[in-house]
Amino acid sequence: DSYVKNNSLVSRPFGKKNLAAFAITQTGFLYNEFYFAPDINSYPNESFTYKMKSSNLLATLDPYISTENYTCLFYLFNTTPISQISGISVNFDNAQKACESIAEGYCSAIVIPENIALSFKASHPSSHTKPTVPKNPSYIVEVAAILKICKNLDNAERFIAFLQNLGTQNFLTQQLKYHPVRKDMELSDNDKSIINQALVNGLADTESQIKNKSDFIQQWIKKTSGSEK
């Protein structure tokens, strides 16, 4: 619909009146430390990020499954010349299986939403996996909207209010490792920067994702199967 009631403590994503943001994450990596030896004096750095991107055992998430998965692929192809990506060893339609494959050493690294990588590491503290976020990630803004054909407008608005309330925001942050969207929460400088970049400056990135989607998916098909579809 053209209007969604929005908590005044939550910025409109990209200034769009019909969207209500409720969580933010960014593209990151989950990697197996046996495959990489980062420079501890400047970690994470571009050199280390490049090692993961150009690894022969790099994995991806299937971009057809979700927008989040495609945003991860967009980050990879948008920041790396296709020729410098050696090959994608496997792609996953399930993020949990992907993380387990990294932990078991079948793949060296995967481009994955930061919150998923952090959640996996929190539940598998003894594994040889580590999450990291590159210097210039792409941002994933989880939003709610109300369809024009909605028959229960009041319930829809109440559900959006629930997604944005303080209790839900704390749950999303603490349990699911998202970055919150409310301005009245105790936020680190890093959280504040991510919220600003995602909600205010993220529109250009989103438009670029849409513009390049067909080409990037074709490139992904070539890297995973060796042929076009």
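Trainee: What volume does the largest cavity have?

Mentor: This is a predicted model. The count here comes to one cavity of 30 Å³ or more. The largest cavity has a volume of about 30 Å³.

Trainee: Which element gives the largest share of the lining of that cavity?

Mentor: The lining is made by T60, L61, N69, C72, L73 and V111. Two elements, β2 (58-61) and α2, each supply at least two residues. The largest share is three residues, and the element is α2.

Trainee: How many charged residues are in the lining of the largest cavity?

Mentor: Four of the lining residues are nonpolar and two are polar. The number of charged residues is none.

Trainee: How are α2 and α8 oriented to each other?

Mentor: Take helix α2 (residues 67-79) and helix α8 (residues 203-225): their axes come within 9 Å. They cross at roughly 85 degrees. Angles of 65 to 115 degrees count as roughly perpendicular. The two helices, α2 and α8, are therefore roughly perpendicular.

Trainee: Which residues of α2 meet α8?

Mentor: On the α8 side, the contact has D205, S208, Q209, N212, K213, F216, I217, Q219 and W220. By class, the contact has seven nonpolar, six polar and two charged residues. The α2 side is Y70, T71, L73, F74, F77 and N78.

Trainee: Which residues lie closest to the centre of the largest pocket?

Mentor: The largest pocket has a volume of about 410 Å³. Its lining has 19 residues. The closest to the centre are F14, T67, V141, T206 and Q209.

Trainee: Which elements give two or more residues to the lining of the largest pocket?

Mentor: The lining divides by class into ten nonpolar, five polar and four charged residues. The elements that give two or more residues are α2, β6 (139-144) and α8.

Trainee: Are α5 and α6 roughly parallel or oblique to each other?

Mentor: The axes of helix α5 (residues 153-164) and helix α6 (residues 166-174) come within 5 Å. They cross at roughly 55 degrees. Roughly parallel needs an angle under 35 degrees, and roughly perpendicular needs 65 to 115. So α5 and α6 are oblique.

Trainee: Which residues of α6 make the contact with α5?

Mentor: From α5 come F162, L163 and Q164. The contact divides into four nonpolar, three polar and no charged residues. The residues of α6 are L166, T168, Q169 and L172.

Conventions
Residues are numbered from 1 along each chain as its sequence is written. This is a predicted model: local features need pLDDT of at least 70, side-chain atom pairs count only at pLDDT 80 or more; totals for chains, interfaces and linings use all residues. Side-chain values use heavy atoms; hydrogens and water are left out. Axes are lines fitted to C-alpha atoms, for helices over the stretch in contact, and angles run from 0 to 180 degrees between N-to-C directions. Helices (H or I, at least four residues) and strands (E, at least two) are DSSP runs, numbered from the N terminus. Angles under 35 degrees count as roughly parallel, over 145 as roughly antiparallel, 65 to 115 as roughly perpendicular and the rest as oblique. Contact means heavy atoms within 4.5 Å. Ala, Val, Leu, Ile, Met, Phe, Trp, Tyr, Cys and Pro count as nonpolar, Asp, Glu, Lys and Arg as charged, and the others, Gly among them, as polar. On a 1 Å grid over the protein atoms alone, a cavity is a set of points where a 1.4 Å probe fits but cannot get out, and a pocket is an open set with protein on both sides within 12 Å along at least five of seven lines; lining residues have an atom within 4 Å of a point. Grid points are joined across faces, edges and corners, and a volume is the space filled by probe spheres set on the points.
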